Amino acid sequence: MKTERQQQRQPAAAATGSNSPAGADYHTFLAFVIPSILAFALSGVYAIVDGYFVGNSIGDIGISTINVAYPIIALILAVGTGIGMGGAVYYSIFRAEGNPEKAREFVAGTLWLLLISSILLTAVVLLFARPLLKLLGAESDLLTMGEEYIFIMGIGSVLQIFGVGLTPLIRNNGGSIFAMVTMCAGFITNIILDFLFVWVMNQGVAGAAWATIIGQGVTMIGGIGYLLYKKQLTLSISAESMKQVTKSIIRIGLAPFGLSLTPNFSLILINRFSSFYGGEPAIAVYACVSYILTIVYLVLQGVGDGIQPLMSQFYGAGRKADLAGANRFAYTFALALSILSIALLYLFRGSIGAIFGASETVTREVAATLVIFLIAIPFIAVNRVTTASFYATEQSTRAYILTYIEPAAMLVLMLILPPLFGGQSMIWWSATIARILSAILAVILALRPKQPTRSS
């Protein structure tokens with residue numbers, strides 16, 4: 001069945017021209033996917049770098065503070081990602097249809113939504129930091145240090161939202177490599193400042209927060225500079241068009257928003273249930289595990305979001321064979337990365353806790369616990385790629401289902417399995433089983449009637 005937009009408009013005859021890649025081969029796919037993977041991996045390393053410097057400075061309490069507070073930061077980043085991706089998908093589709101004027105409206109609408117959301121989230125975080133941290137399970141010293149960390153990160157919300165929100169627009173405007181470069185620049189800035197603020201100046205979690213937002217500010221400046229260079233930076237849009245653009249961006253953006261936030265839904269659930277079954281030691285264990293797994297999850301998301309500009313262009317131009325080829329490549333590449341990740345993490349599992357300055361006891365538990373989570377990695381790959389292919393081609397409902405079923409299943413399993421079969425260990429297994437079930441659903445949805453096309 002066609003979407004509402006498909007019924008209203010047909011692709012331009014020239015859509016298969018200069019606005020879309022001339023050929024769909026592995027070289028083309030890799031040129032989009034590799035920079036995206038590196039950019040997503042670096043975005044995940046931000047939190048890990050903070051954990052590394054803080055953990056080695058003040059120990060387990062520092063690791064746990066950032067781990068408990070991070071879902072709030074992840075919400076900020078997810079808003080930017082959802083808005084940016086929603087705008088970028090339609091930007092690519094309209095460019096492929098030969099309608100650059102409409103495409104520019106989505107650039108303007110995206111920028112306005114990024115600005116408005118930055119203001120709103122800054123106010124929310126600054127006003128409600130304490131109750132939010134309590135909701136996430138922070139108490140006593142964790143609460144005090146978490147407030148210090150979150151207050152600074154809240155001040156820098158605009159830098160974070162624009163930093164991640166501009167990246168999809170850059171990628172969809174032919175700047176995959178530049179997006180990676182801006183992420184690298186922000187990441188290097190973060191490392192240097194973490195070293196200075198946390199280790200040299202002994203500023204603890206506050207220093208880590210300042211280092212992060214300044215690093216993301218560097219990424220934001222790079223993104224704005226790229227759009228200026230491409231003459232795509234515009235805020236010009238009518239009120240009526242803004243309403244339509246906002247609806248479209250939200251409709252698509254809810255899926256990548258949720259996809260970015262899903263690991264943190266998991267983090268919240270696991271921390272809350274672990275505080276009951278395993279206490280602070282269990283939270284510290286999962287902090288180390290989640291730092292490492294976050295990189296893997298983002299790498300896999302990078303495959304899906306890296307191929308998204310091509311999928312949206314092929315979809316907008318009605319190039320069904322190329323769209324199918326992009327899907328096959330994404331699945332193959334994501335599964336290969338999954339196997340490589342499992343092998344590397346299993347090999348070095350005994351050293352992960354020590355990297356973050358965890359105690360010897362926590363380090364041993366990290367090595368044992370990580371194995372349970374490694375089982376889920378190939379299933380996460382299937383889910384991430386399938387979801388990205390859905391929102392890249394306006395299949396919003398299917399994307400929503402895959403995005404939000406995982407945390408829902410995890411919650412149900414955590415309510416049932418730990419009391420029946422083994423306390424804390426079943427918390428870990430609940431997360432893995434939920435991801436396996438989500439991947440099975442992804443396969444079922446992907447095998448349903450054919451992909452939509454813009455040309456029929």
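Glu360 and Arg364 sit 4 residues apart in helix α13 (residues 360-374), about one turn of the helix. Helices here are DSSP runs of H or I, at least four residues, numbered from the N terminus. Their side chains meet in a salt bridge, 3.2 Å from N to O. That term means a side-chain nitrogen of Lys or Arg within 4 Å of a carboxyl oxygen of Asp or Glu. Glu360 counts as exposed because its relative accessibility is 59%. Arg364, at 48%, is partly exposed. The cut-offs: buried is under 20% relative accessible area, exposed over 50%, partly exposed in between, with a 1.4 Å probe and protein chains only.

A word on the source. This is a predicted model, where local features need pLDDT of at least 70, side-chain atom pairs count only at pLDDT 80 or more, and totals for chains, interfaces and linings use all residues. Residues are numbered from 1 along each chain as its sequence is written, and side-chain values use heavy atoms, leaving out hydrogens and water.

Back to the charges. The count comes to 5 salt bridges. Lys102 pairs with Glu105, closest N and O atoms 3.1 Å apart. Both lie in helix α4 (residues 100-135), 3 residues apart.

Now Glu147 and Arg130. Their salt bridge is 2.5 Å, N to O. This pair links distant parts of the chain: Glu147 is in helix α5 (residues 140-155), Arg130 in helix α4, 17 residues apart. Glu147 is partly exposed at 25% relative accessibility. Arg130 is partly exposed too, at 38%.

Last, Leu437, in helix α16 (residues 424-446). Leu437 is partly exposed, at 44%. Leu437 and Glu406 are 31 residues apart in sequence, yet 7.8 Å apart in space, C-alpha to C-alpha.

Key: Helices (H or I, at least four residues) and strands (E, at least two) are DSSP runs, numbered from the N terminus.
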